[in-house]
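Me: I want to go through this protein term by term. For each label, tell me the value and the cut-off behind it.

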Amino acid sequence: MFSLGLAFLAASVAAPEAASGGPRLLNVGELVTADDYPLTSLRKDEQGDVTVRVQVDESGAVTSCKVAISSRHATLDEQTCSLFRSRARFAPKRDRRGHAVSSSYTQTIHWRLAGEKSEPVPRQAWMLRTTLSVNKQGQVAECKIEATGLGAPTAACAALLAIAHAASGTPSDGRGIAAYAISEVYFYPVPADRVAEPLGLSDAKEAARQVSSVTIAPDGAVTACLGVRYSGLASSEQDACRTISAGRFMPSATSADLHGTVIVIMYVRVRSIS
């Protein structure tokens, strides 16, 4: 997928309460992801810690969830319990005879907007290009961001490289580049039928193209987004709407909505290595 640099998200799971023989969360790494950050909370820059107490039955299923300590943001509280109910998998508590029994479990989720605080995006035309260099081992080694019409989100590259280095265990020195993954995001303040689409890069293979129509309210919030055209590897399940909807545009002095177009193009450039 791609990153627009509009918001950088983090949601982490704190260590559970110590409980001898208590239920054990089996999928802690899958429980909460950056994609689970509620869009309403993103628009309002809401962050906080939510502590929940869930009931786990003999099969390891969550039967109920209640907020024990609120983040003071209802949307984050509700999202936390929703994720536990729909996604959490437990090994149930065992009694002295080894029989599974129902029990409770307490957990804290830290919801954070990480990196640079996102600035409002211009309502005029702009372009953002992210180039990731991939080494022979398939690891991201370098990152470059270019922007026209808006400030380049420098925290995006730092976040991507930190993730890549953590996954590989050793920071790359940037040598031995095998390929480049390039994503371009264009915004036009006019409807899609009035946009002349970019021709593309001549020295790279186009892997996917997505065109989406977006409606922006006078206060800068994205109130509607619809994918209208897809090509290559792109599909309706991979459109830009979720990421665009998480951003904030600059407010307008008028009371009219702005009907714009977002185009995302992804390329691959292979580099020969001697």
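Reply: Helices (H or I, at least four residues) and strands (E, at least two) are DSSP runs, numbered from the N terminus. Arg-72 is found in the loop between β4 and α3. The model is a predicted one. Its secondary structure comes to five helices and 14 strands.

Me: Why is Arg-72 called exposed?
Reply: Its relative accessible area is 79%. Exposed means over 50%. Arg-72 is therefore exposed.

Me: What is the phi of Arg-72, and what sort of value is that?
Reply: Phi is near 75°. That is a positive value in a residue other than glycine.

Me: Why is Thr-243 called partly exposed?
Reply: Thr-243 has a relative accessible area of 24%. Buried means under 20% and exposed over 50%, with partly exposed in between. So 24% makes Thr-243 partly exposed. Thr-243 is found in helix α5, residues 241-245. Thr-243 and Asp-35 are 208 residues apart in sequence, yet 8.9 Å apart in space, C-alpha to C-alpha.

Me: What makes Thr-106 buried?
Reply: Its relative accessible area is 12%. The limit for buried is under 20%, so Thr-106 qualifies. Its place is in strand β8, residues 103-113.

Me: How do you know that the side chains of Thr-106 and Arg-53 are joined by a polar contact?
Reply: The distance is 3.1 Å. A polar contact needs a pair of N or O atoms within 3.5 Å, one able to donate a hydrogen and the other to accept it. The Thr-106 and Arg-53 side chains are listed as joined by such a contact.

Me: How many aromatic pairs does a search of the whole structure find?
Reply: Five. One of them joins Phe-90 and Tyr-105.

Me: Why is the pair of Trp-126 and Phe-187 called stacked?
Reply: The ring centres are 5.9 Å apart and the planes lie at 25°. Planes under 30 degrees apart count as stacked. The pair is therefore stacked. It links distant parts of the chain: Trp-126 in strand β9 (residues 126-135) and Phe-187 in strand β11 (residues 177-188), 61 residues apart. Trp-126 is buried at 4% relative accessible area, and Phe-187 is buried at 0%. Ring pairs link Trp-126, Phe-187 and Phe-249 into a cluster.

Me: What makes Arg-269 lie over the face of Tyr-180?
Reply: Arg-269 is 5.8 Å from the ring centre. The cut-off is within 6 Å, together with a position within 35 degrees of the ring normal. Arg-269 is reported over the face of Tyr-180.

Me: Which residues touch the most other members in the largest nonpolar core?
Reply: Val-54, Phe-84, Phe-90 and Trp-111, out of 20 residues. The elements that give two or more residues to this core are β3 (48-56), β4 (62-69), α3 (74-87) and β8. Apart from it lies another core, of 17 residues, among them Val-121, Leu-132, Phe-187 and Leu-258.

Me: What does Val-54 touch, not counting residues up to four places away in sequence?
Reply: Its contacts include Val-62, Cys-65, Phe-84, Phe-90 and Tyr-105.

Me: Why does Ser-133 count as buried?
Reply: Its relative accessible area is 4%. Buried means under 20%, so Ser-133 is buried. Its place is in strand β9. Among the residues that Ser-133 touches are Gln-139, Ile-177 and Tyr-180. Ser-133 and Ile-182 are 49 residues apart in sequence and 8.7 Å apart in space, C-alpha to C-alpha.

Me: What share of the 274 residues is buried?
Reply: Buried residues make up 43%.

How values were computed. Residues numbered from 1 in each chain as written. Predicted model: local features only at pLDDT ≥ 70, side-chain atom pairs only at ≥ 80, totals over all residues. Heavy atoms only, no water. Buried < 20%, exposed > 50% of the residue type's maximum accessible area, 1.4 Å probe, protein only. Phe/Tyr/Trp six-rings, centres within 6.5 Å; stacked < 30°, edge-to-face > 60°. Core = buried A, V, L, I, M, F, W, Y, C linked by side-chain atoms within 4.5 Å. Contact = heavy atoms within 4.5 Å.
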